[in-house]
Amino acid sequence: LNNTTMFVDLEVLSDVSYYIQNNMRAYQADYNFLFGNTKITDDVSLIKRLLNLGIPKSLLTNQRTETLTKAAPYLNAALESPSLDNDQKDVIRLLKFMTRKNSELSNLKQYLRLPIANEVSYEGHSMAIARPTYELLSTQRFGASDPSLQNLVREYQAIITVPKGMVPVISDSSQVEPMIIYNWKINDQAIVNLIKLYDDAYYALYHYCMYGDELVKKDIPVEERKAIKLLSNQANYGSESMGGSKIATMFNKKVTNHPLRLKWEADVTKSVDMGVPIFENYFGIPVYPEKNKTKYTSLKYSKNPREIEAYRKHLIRCGINNPIQSTAAFLMNQSVCRGYDLIEAPGIGTLGYYKHDESFWGIDEDMVDIYAPMVRDLMSYEVDDWAKINSDLVIGRKELKIDVRSVEQIFDQHKGEDSSLEVTDDDTVDEDI
């Protein structure tokens, strides 16, 4: 992988950067009014301001660690809370929006520092060139640096391109992590059958929660699929399942409290409490959560009961998450090995990257029909009696997904209404943030 060559479309990169900055400028005055000169990265000060604006402390408290947080799942749950009025919810939407855009802009800056390529893209645009450095992480996944590809959000992947004479071909394993979970850890045949019916894990889960195991396809709105995806991630990776909607209630009843999921978490907890936090992926490869360098590492030898419990809960979350990640990584590593011969094939211009469960190739324009199906096969997996993990295929530049509504609709719903918000001067807050 360290021989890969990636090209960045400088014109698209400029458009995306300009778009993000314009988004932030549009609401900078509102942000300054509510949060003063607080930097968007200053979590402690931002949480204090949220509390002073009347956001209940309970909505910002991580019950597992008993600390305050403004992490996205908690802000999302706050938006569903009946205890907040519309103005308070608009404040949270604004903070989420500005935080996301600032993160996106920061991640894009690394691409602006790349050297300029001496050729143009297949669309005739100027390009920068990168040769990412890959390393194997403790979960067996590949991590890239210079640039750190894993931080490039899907909406802006259109900045990656290929030189003139080639065509981009991108293949992405479909929902590899939930497919692993429901084929392996929560191997309920009713859920597996629904996954095969929909060829989509999240539509299958919605059907399972709302309609049971009846094998008749339903017309499920995409927004409900998004809601299920969020709930699934929260439940299966050891975080709290939040929200009081009907679908959240049914998900908690049928999936979060599924006997196989509860057994999974109980087995992990038992291993951690016995002092043996070593786990295996599906293929029997050991995973050692304690080797991960995180903010919890320093708590390992603490004598503080609260820090000891925080470290224990961290290991439990890792014991749930890491074997899934490691299994997905093993499958992707097999894809890399199977793709070795393809790299050398005539008509394969460049391998741009492997990122998460996706690979990006530049193929000679007159050879796309031959090689595109092969690229798709590389990212599809068949394991034992699992439901097959298929892959999606995109030929040509990925669509530049710009959500204009995120700019226009934050306050439009209540435009013209008097604000009930009052900013106090009391900045006192517990020191446990």
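How many of the 7 residues of strand E13 (residues 358-364) are buried? Please also describe what surrounds this part.

Author: The model is a predicted one, in which local features need pLDDT of at least 70 and side-chain atom pairs count only at pLDDT 80 or more, whereas totals for chains, interfaces and linings use all residues. Residues are numbered from 1 along each chain as its sequence is written, and side-chain values use heavy atoms, with hydrogens and water left out.

In strand E13, 6 of the 7 residues are buried, so the strand is largely enclosed by the rest of the structure. Buried here means under 20% relative accessible area, exposed means over 50%, and partly exposed lies in between (1.4 Å probe, protein chains only). Strands (E, at least two residues) and helices (H or I, at least four) are DSSP runs, numbered from the N terminus.

Strand E13 has partners to consider. Two strands pair if DSSP finds at least two bridges between them. Strands of a sheet pair through backbone hydrogen bonds, either parallel or antiparallel. Strand E9 (residues 166-173) is joined to E13 by 7 bridges, and the two run antiparallel. Within this pairing, Val 169 has Trp 361 of E13 as its bridge partner. Strand E12 (residues 348-355) also pairs with E13 in the antiparallel sense, over 6 bridges. Here Tyr 353 stands opposite Phe 360 in E13. E12 and E13 form a hairpin with 2 residues between them, and His 356 in the turn has a positive phi of about 55 degrees.

The C-alpha atom of Ser 171 is separated by 5.5 Å from that of Asp 392, although the two residues are 221 residues apart along the chain.

E8 is joined to strand E1 (residues 6-9) by 2 bridges, the two running antiparallel, and Val 8 stands opposite Ile 160 in E8.

Rings of Phe, Tyr and Trp (its six-membered ring) pair if their centres lie within 6.5 Å; planes under 30 degrees apart count as stacked, over 60 as edge-to-face and the rest as tilted. A search of the whole structure finds 9 aromatic pairs. The rings of Tyr 27 and Phe 97 have centres 6.2 Å apart and planes at 85 degrees, so this pair is edge-to-face. The pair links distant parts of the chain, 70 residues apart: Tyr 27 is in the loop between helix H1 (10-26) and helix H2 (28-35), and Phe 97 is in helix H5 (residues 86-112). Tyr 27 is buried, with a relative accessible area of 10%, and Phe 97 is buried at 8%. Elsewhere, ring pairs link Trp 184, Tyr 282, Phe 283, Phe 330 and Trp 386 into a cluster.
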